[in-house]
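Trainee: Could you take me through one part of this structure slowly, and then show me what else is worth looking at? I am new to this, so please keep it friendly.

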Amino acid sequence: MTTLPFTFEPLPTRVIFGPGSRDQLTAEVQRLGVRRALVLSTPGQAGRAGELAAQLGDLAAGTFSGAVMHTPLRVTEQALDQVRHLRADGLVAFGGGSTTGLSKAIALRTDLPQLILPTTYAGSEMTPILGETQGGRKTTRRTQAVLPETVIYDVELTLTLPPAVSASSGVNAVAHAAEALYARNGNPVTTLMAEEALRALSQALPVIVREPQNPEARSQAMLGAWLAGSVLGSVDMALHHKLAHVLGGTFNLPHAELHAALLPHTIAYNAPAVPAAVQRMARALGTRDAAQGLYELNRTLGIEPALQALGMPESGLSQAAALAVQAPYPNPAPLEERALLALLRRAWAGDPPQ
């Protein structure tokens, strides 16, 4: 088999992986030269943010616990006020994609160094990608200015993640790996990483739903999430991520659950155009048909398959299809508004992919 020419540029984020690795937080903050770290979290994680600030002692400037999903500009502006007020010179983000997104948005505007402690499988901590929402529209940019300097993956931080959140967050990571397999700028390294991410996550997530405290399954899922986030940061995404950003930003749908519900349908849409990639996907998932296998994985994990149950109004489907074909972006199959509307109708109803 001929190996096609490719370009691969590894991203420079430092990764510390292992149980108990959060104990290295102070040393890593010092390594970055930070003397006044602002600890970020969502409102629900405010207590843990306070614990991290106490762990840092004099190296902590304070906390900001206002992160919310889709990184609305108004919250970023509130956090920037806190950065200026506390004279923070670095960021420590504790949580999932919402907190990481806020950290990136602050870093974009201040160039402050970032250290991320993920508690979900979102994977955005490994990417130079930032999605922000303003006026009901979500815009995405790619720049190394938002790439975190250090990520600490401590599996113990995920042991209390509820099974339902673990499942949807994990399938969100599956989506990164799935689209990486047919990325226009993919290469043998990202293909290997994407396949292993799919294999690790599809095997670990059902165990986590049954046994939330299983440390081996949690470690396997976190490894898969790291790999999936790495390929998300290295190659271009396509239809699936475009649709997820359109629906999430326009209709304020829950991020991870939205990714999970959409994924079987977007893979089915692209499958005829990329048969080799879809075969790799199916092999990694341990199924004969990738799209159907993803639909069944959602059912096994107890994930809601219907967009209508996530709050998507039926009246908005036509608007979403129209928005999805605006601003050209790479996708293996042609983007046709009527076909996308049919895809969205099936996802809205929770029907199997077609």
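Mentor: Let's begin where helix 5 and helix 9 meet. In this predicted model, helix 5 brings Ser168, Ser169, Val171, Asn172, Val174, Ala175, Ala178 and Glu179 to the contact, and helix 9 answers with His255, Ala256, Glu257, His259, Ala260, Leu263, Ile267 and Asn270. Sorted by class, this contact holds 8 nonpolar, 6 polar and 2 charged residues. Two packed helices are described by the angle between their axes and the distance between the axes. Here, helix 5 spans residues 163-180 and helix 9 spans residues 255-270, and their axes come within 8 Å, crossing at roughly 35°. The crossing of this pair is left-handed.

Now turn to another pair, helix 6 (residues 188-210) and helix 10 (residues 275-285). Their axes also come within 8 Å and cross at roughly 35°, but helix 6 passes helix 10 in a right-handed crossing. On the helix 6 side you will find Thr191, Glu195, Leu198, Arg199 and Ser202, and on the helix 10 side Arg280, Met281, Arg283, Ala284 and Leu285. By class, the contact of helix 6 with helix 10 has 4 nonpolar, 2 polar and 4 charged residues.

Next, the strands. Strands of a sheet pair through backbone hydrogen bonds, either parallel or antiparallel. You can see parallel pairing in an open sheet of 6 strands, whose order is 1-8-5-4-2-3. Strand 1 (14-17) and strand 3 (60-64) are its edge strands, each pairing on one side only. From one strand to the next, the twist averages 15°. Helix 3, residues 73-86, packs on this sheet and touches strand 2 (37-40), strand 3 and strand 4, with a direction that makes about 160° with that of strand 3. Back at strand 1, look for its parallel partner, strand 8 (residues 150-153), joined to it by 4 bridges. Phe17 stands opposite Tyr153 of strand 8.

For antiparallel pairing, find strand 6 (residues 129-134) and strand 7 (residues 137-142), which are linked over 6 bridges. These two strands form a hairpin with 2 residues between them, and Gly135 in the turn has a positive phi of about 60°. Within the pairing, Glu132 stands opposite Thr139 of strand 7.

Let's finish with empty space. Rolling a probe the size of a water molecule over the atoms shows where empty space is left. Searching the whole structure gives 1 cavity of 30 Å³ or more, and the volume of the largest cavity is about 40 Å³. Its lining consists of Val29, Leu32, Val34, Ala37, Gly90, Leu91, Val92, Pro113, Gln114 and Leu115. By class, that makes 8 nonpolar, 2 polar and no charged residues. This brings us back to the strands: strand 4 (90-95) and strand 5 (114-118) each supply at least two residues of the lining, and the largest share, 3 residues, comes from strand 4.

Definitions and conventions:
Residues numbered from 1 in each chain as written. Predicted model: local features only at pLDDT ≥ 70, side-chain atom pairs only at ≥ 80, totals over all residues. Heavy atoms only, no water. Axes fitted to C-alpha atoms, helices over the stretch in contact; angles between N-to-C directions. Left-handed = near helix turned anticlockwise from the far one by under 90°. Contact = heavy atoms within 4.5 Å. Nonpolar A, V, L, I, M, F, W, Y, C, P; charged D, E, K, R; others polar. 1 Å grid on protein atoms, 1.4 Å probe; cavity = no way out; pocket = protein on both sides within 12 Å on 5 of 7 lines; lining within 4 Å. Points joined across faces, edges and corners; volume = space filled by probe spheres on them. Pairing = 2+ DSSP bridges.
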